Amino acid sequence: MKKDLLGLKDISASEIELILDTAAEMKKLFSKKGKKSNLLEGQTVSTLFFENSTRTRLSFETASNFLGAHFMAISASTSSVSKGETFIDTGKNLDAILIDAIVIRHPMGGAPHLLAKNVKASVINGGDGTSEHPTQALLDFLTMREKFSKIKGLKVVLCGDIKFSRVARSNIWGLLKLGAEVTVCAPYTLLPKGMEDFGVKVELNPAKAIANADVIMGLRIQSERQNMGVFPSVGEYAKFFSITEEVIKKAKAEKAIIMHPGPANRGVEMSGEVLDSKNSVVLEQVTNGVAVRMAVLKLLLEARARGVKS
């Protein structure tokens, strides 16, 4: 492993497997409530978020605490960025107070890469623009592996906003490297140009897309990143593309697990009945998010201590 985790596009399948194997061990530790580790004792982890977050921020905080690290949360609204300080200067100031790892979330794609070039701390991409969200995809993979004991050969379907979703990109890069078959389903206006070049199948009919699927993942409509209307109305989108119990039965996909990175718009990308069904592993994903982030922090900070660079 290198000292930074900036995305899954540029890391190997073996590195992904190492993170997942380590996360499985970390989950055992996390499951023992009150029994914290001292693996990162004396280390300091900071989040630097320029966008709102619940699951990602809290899971990194929980992961840091369970590993014995000091944790601090910084948001753009309460930092000197709001006073005109540059993004890079903020990072260098965190370096100056000896922060060991910075988890950054930023609305601009590439921001974590820029930060990593300018600080000594390990940099972890907590979501950048529409580019990537690597730790979200990794926790998705851990959940799939727990359910199926493998990822290679699984049929995984991503339904919803593919074009503006950083989660979709990280999942696609990683799943293909691990040998899964990936299908995306969305209206044309929510598909990036040249989607087939990613190595995935494209289907415009949800029932056809999820037929015989092992995993059905809903993706939230990223309205905050859309600068123009990409469909007439949310109601019309839901009418034709929402994954409902009826669609699942029609596709004979009752055995598939249901996933969603959250937050979910109930009744839009998926119905509430589907999200709450016995096949839903949405809350298991949240738990696995802590284990994956524990693993990432451990591996990156160990690499940093050895002098490994990006």
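Pro263 sits in the loop that runs between strand 9 (257-259) and helix 10 (272-275). Helices (H or I, at least four residues) and strands (E, at least two) are DSSP runs, numbered from the N terminus. The peptide bond from Gly262 to Pro263 is cis, with omega near -10°. Gly262 and Pro263 are also among the residues nearest the centre of the largest pocket.

This is a predicted model: local features need pLDDT of at least 70, side-chain atom pairs count only at pLDDT 80 or more, and totals for chains, interfaces and linings use all residues. Residues are numbered from 1 along each chain as its sequence is written, and side-chain values use heavy atoms, with hydrogens and water left out.

**Largest pocket**
- A pocket is an open set of points on a 1 Å grid over the protein atoms alone, with protein on both sides within 12 Å along at least five of seven lines; a cavity is a set where a 1.4 Å probe fits but cannot get out.
- Lining residues have an atom within 4 Å of a point.
- The largest pocket holds about 410 Å³ of space, where a volume is the space filled by probe spheres set on the points, and points are joined across faces, edges and corners.
- Its lining has 20 residues, and Arg105, Arg166, Arg220, Gly262 and Pro263 lie nearest the centre.
- Helix 2 (55-66) and helix 6 (166-177) are the elements that give two or more residues to this lining.
- By class, the lining of the largest pocket has four nonpolar, nine polar and seven charged residues.
- Nonpolar covers Ala, Val, Leu, Ile, Met, Phe, Trp, Tyr, Cys and Pro; charged covers Asp, Glu, Lys and Arg; the others, Gly among them, are polar.
- The largest pocket lies between domain 1 (13-133 + 286-305) and domain 2 (134-281), because both give residues to its lining.

**Domains and overall fold**
- The bounds of the two domains come from an automatic or database domain assignment.
- The C-alpha centres of domain 1 and domain 2 are 26 Å apart.
- Across the boundary, 29 residues of domain 1 are in contact with 27 residues of domain 2, contact meaning heavy atoms within 4.5 Å.
- The chain has 11 helices and nine strands.
- Its C-alpha atoms fill a box of roughly 55 × 45 × 35 Å along the principal axes.
- Of the 310 residues, 56% are buried; buried means under 20% relative accessible area, exposed over 50%, partly exposed in between (1.4 Å probe, protein chains only).

**Cavity**
- There is one cavity of 30 Å³ or more.
- Met1, Lys2, Asp4, Leu5, Ile11 and Glu15 line the largest cavity.
- That lining has three nonpolar, no polar and three charged residues.

**Thr183 and Lys201**
- Thr183 lies in strand 6 (residues 181-185), and Lys201 lies in strand 7 (residues 201-203).
- Thr183 counts as buried because its relative accessible area is 4%.
- The C-alpha atoms of Lys201 and Thr183 are separated by 4.5 Å, although the residues are 18 apart along the chain.
- Leaving aside neighbours within four places in sequence, the contacts of Thr183 include Lys155, Val157, Lys201 and Ala209.

**Positive phi outside glycine**
- Leu98 has phi near 65° and is in the loop between helix 3 (87-96) and strand 3 (101-106).
- Leu98 counts as exposed, at 64% relative accessibility.
- Ser149 has phi near 65° and is in the loop between helix 5 (134-148) and strand 5 (155-160).
- Ser149 counts as exposed, at 66% relative accessibility.
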